[in-house]
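Visitor: Could you walk me through this model and tell me what stands behind each term?

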Amino acid sequence: MDIKEQIAKAVDKITKDKNLQEQFQKDPVKALESVLGIDLPDDVVNQVVQGVKARLTADKVSDSVDALKSFLKK
């Protein structure tokens, strides 16, 4: 199983669905298992959860930086 691929798949689906975002915040393991459609071993699911959290945080930071750049150009 390619963990990076699973992370990318999860991030893609979670960022497009507000309900999944809320579920991921409340219970990331259940959210990932429903998104990926598989029951992952604990050690793998924890790696995927951490990877997804990191990507989502990075995306939010990137969006904020882009918004700030846009604001400063005005």
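Here is a short tour in questions and answers.

Guide: Two notes before we start. This is a predicted model, where local features need pLDDT of at least 70 and side-chain atom pairs count only at pLDDT 80 or more, while totals for chains, interfaces and linings use all residues. Residues are numbered from 1 along each chain as its sequence is written, and side-chain values use heavy atoms, with hydrogens and water left out.

Visitor: What makes the pattern of the protein chain α-α-α-α?

Guide: Helices are DSSP runs of H or I with at least four residues, and strands are runs of E with at least two, numbered from the N terminus. The protein chain has four helices and zero strands, so by that definition its pattern reads α-α-α-α.

Visitor: Which residues of helix H3 are called buried?

Guide: Buried means under 20% relative accessible area (exposed is over 50%, partly exposed in between; 1.4 Å probe, protein chains only). In H3, residues 28-36, the buried ones are Pro28, Ala31, Leu32, Val35 and Leu36.

Visitor: How do you know that they line one face of the helix?

Guide: Looking down the axis of H3, the buried residues fall within an arc of 115 degrees, so they line one face. The arc is taken from the directions from the helix axis to the C-beta atoms.

Visitor: Where is confidence lowest, and where highest?

Guide: pLDDT is the predictor's confidence in each residue, from 0 to 100. Helix H4 (residues 42-73) is lowest at a mean of 70, and helix H2 (residues 18-26) is highest at 89. The protein chain averages 78.
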